[in-house]
Structure formats: C-alpha cells, structure tokens
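Hi there,

Here is the structure I promised to pass on to you. Please open it alongside this email, and then read on for what turned up in it.

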Amino acid sequence: MASQMKMRPPPMTRGTPLVATYIALRSVVATLSILGSTMILISVLRSKKNRNNMQQRIIGGMSVCDLVFSFFVLTAYLWTPPQSKSFVPGIGNETTCNIQGFLLPIFGAGGASLFYNASLALYYLLVVKYNWKPRDLKKIEKWLHIVPFVPYTIFSIIGAALDSFNPLPKWTVACVPFPNLKLGPNNPTNIAIKNMARTRLAFNIFAVAFSFCCLLMVYLSVRKQDKRGQKWGSLEGKIKVDLKKSRIVAKQCLLFFLVVAVPWTFAFILVFLNMNGHYQEWMDFLDDIFIPSSGFLNGIVYFRLRYNRLRMDHPTAPRRRIVFGIVRDTLFPCCCKSFTFHGASKDDGKDLEPTINTAGTTNFSNESVGKSDYGKSDVGKDLELSIEESNNEELKPNIRSSSVDADNAEFIDE
C-alpha cells in the first residue's frame, strides 16, 4: 500500500496553472468538436443526395452523439456540484448532476458513438467486400441505428435505479455512474456499480475490436482486388476504376476508425492502469483532452473528399481559401458568395464517396469509354457514392466515363 501511495504524483490544487491549461485546452477541443459535428449534420440534412445515402445517415447519427457529448464537455462545470472532488469546481446541483449522469453515458465517451463507428465499419464491409445492394442494406439499417443506443441506455437506467450518479474525482469534470466514496468499497451498491462499469468496458472493447476486424477484412478484400487487377491488367477501363474507388472507400473506413482508435488509446491505458492500482494523473489529463476531439476529427475526415475535389476544380486557389470556403459554404451558405465555392446546387455530390459497382448499379463498357466527353464532364462533382437509394434512371446522369472517374479517383486517393 505504501509503495502504491509513493507512485501517485502529489495532488494538485484548484487554481494552479496546470488546471487553467486543462480548462482552456478542454474548452477549445470541445468547441472544435461541436463545430465539426454541426458542419457534418448540416451537410447531411441540407443535401437530398446525402440524406438518401445510408453511409451519410450513419455518420449523421454518430455526429449527433459527438455533438451532445462535446456540449456536456464544454458546459461540464454547469452540471457538477461544487462539493465534488474534481480539480475544477462546478456550480451545479444534485438535479443537474443526475441529468448529466443519465445522458452522458448514452451519448458520451464510450457510449453510442463507439457502436456507431462499428455500424459504419460494418457498412463498409458489406459494400466493399460483399457487394450488398441498396435493398439489402435498407433491411438492416434500422438496427445500425438502434443497437448503438440499447446497451448504454440500459446502463443509464440501472445507474438511475442504483442512485449512482456521482461526480468523478481528479481531472474528469462529469457526473456518471460512479461508486459513492463515502459508503466504502465493500458496499453492495458500489460493488454493483463496479460490475456495471466492467460490463460497459467489455462493450466498448467489443465495439472497437469489431470495427478493427471489419477494417481488416475490407483491407484484405481490396488487396485481393488489387492482385486480381494486376492479373487481368489488360482490362484497364473498368478494373482500374473499380480498384481506385475501392481504395478510396477503404481509406475513408480506415480514417474513421482511427478517429476512434487514437483518442481511445489513452482511455483504455488509463482503465487498465486503474485496475492494477497504478493511477497516473498525466494519463487522466491526456484522456480528458483527447476523448472530446472525435467530432472535430470526424469533420476533417468527412470533408476530406470535398476538399480534394475543390482542389481539383480550383487548382490555383490557396488551400486556406478552400478550407475557409468549405466552412462558410456549410455554416453560412447565403453569405460571402464571392469568397466561397458554393455552386448552383447544394446537391453537388462532393461529400459522397465513389460508387462501388455492384450488380444493378453503374455499368461501364468500352462504348461508354469511347463516347466520353471531357468538355461536358462535371469532373469531380459526382464521384457518386457508393450505394445511393435511387433507381437506375436517377443514376444515369451521374455516370461518367471510366477514364474520367479513374483520373478523379487517382486525384482523391493521393
């Protein structure tokens, strides 16, 4: 026991420069995350093409979770009571603590957002590896939105029944299901809360592991397609386009997974350290700073395709102008039109991923390649998403020549 006590760094008092730095960093990260999540939701809801797309709807649901969580992080001090043992005092009361304690485990870190990422990974797996059609995907879509909320809502209900919503000590400024330190570690209620926390951790690990397995299967599938394309290299038109599109979609899958994996690395390390009785304040500090960043990082990955396509459409425009143009087009579409890149239609398809050819969708032929018109092609605007829920007649205007799509795919992949 004495050796464990020596391993702990000396306690820090409120008002120190480190605490002020913590508040500033946490507020900045939460604000950027709110901005990123809000931009994604606006893009999904404002565009009919995006709303009709399953991948976009899943990302929209994930952004709702990130937005709610980032809001609680930014306003954490309004919910926690002042008598908490956190390094940062709150101004809330027992009622606000209970409200946050019920909602935060559902939408917050380790909540539905993790399972939404698993839903997104499953979607990529079904599209890239198994070539599911829109009607097949539509049958399971509701479960990809329901399952992320079910286990964590149950955890919150159990936490409310046990009256276990307490403010966390040390760095984390939040009320969650947490043992009441006044009752002692052997209290039956505290034991039940700890068992629930272990179950919740198991669900979190499962969600991350499932996402990783889906990502690995997508990678192996794309690699297999690459080898097959090298073997049949003479069929350049269609195969080259399909391979490039598959790489782009697989890369998006990888980036969305890293958005979860990188910040959560600190959380999992901290959990295992605590289980072994080796609490580290610096790891707790980093965990609280990086976990709320998922909304901002998702925004970067989401708008990556639009940025690359705008770079291709406006090769002489500075990168900074394109970035600010995307922000203004999304948040203030009616303002500063001379500065931004807002087109005649908000449904320009720039946020959608390339089409993965499946039976019944886009067909390429040598005739279509020969008849392509570079002058009339809307280069880069309609590398249409994977599976858009529309009939073939609606898809026809968006079909480009294989050579043009190959160039666009190569540009985005770079």
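**Salt bridges**

A search of the whole structure finds two salt bridges, a salt bridge being a side-chain nitrogen of Lys or Arg within 4 Å of a carboxyl oxygen of Asp or Glu. Before you look at them, please note that this is a predicted model, in which local features need pLDDT of at least 70, side-chain atom pairs count only at pLDDT 80 or more, and totals for chains, interfaces and linings use all residues. Residues are numbered from 1 along each chain as its sequence is written, and side-chain values use heavy atoms, with hydrogens and water left out.

A bit of background: side chains of opposite charge can pair when their charged atoms come close.

Helices here are DSSP runs of H or I with at least four residues, strands are runs of E with at least two, and both are numbered from the N terminus. Glu141 is buried at 10% relative accessibility, while Arg57 is partly exposed at 22%. (Buried means under 20% relative accessible area, exposed over 50%, and partly exposed in between, using a 1.4 Å probe and protein chains only.)

In the other salt bridge, Asp351 pairs with Arg306, and their closest N and O atoms are 2.8 Å apart. Asp351 lies in the loop between α14 and α15 (366–370) and Arg306 in helix α13 (residues 304–313), so the pair ties together parts that are 45 residues apart in sequence. Asp351 is buried, with 6% relative accessibility, and Arg306 is buried too, with 12%.

**Cysteines**

How many disulfides are there? The count comes to one, taking a disulfide as a pair of cysteine sulfur atoms within 2.5 Å. It joins Cys97 to Cys175, with an S to S distance of 2.1 Å. Cys97 belongs to helix α5 (residues 94–107) and Cys175 to strand β2 (residues 175–177), 78 residues apart, so to speak distant parts of the chain. The link is left-handed, with -110° about the S-S bond, and Cys97 and Cys175 are both buried.

Cys213 is partly exposed, at 41% relative accessible area.

Enjoy exploring!
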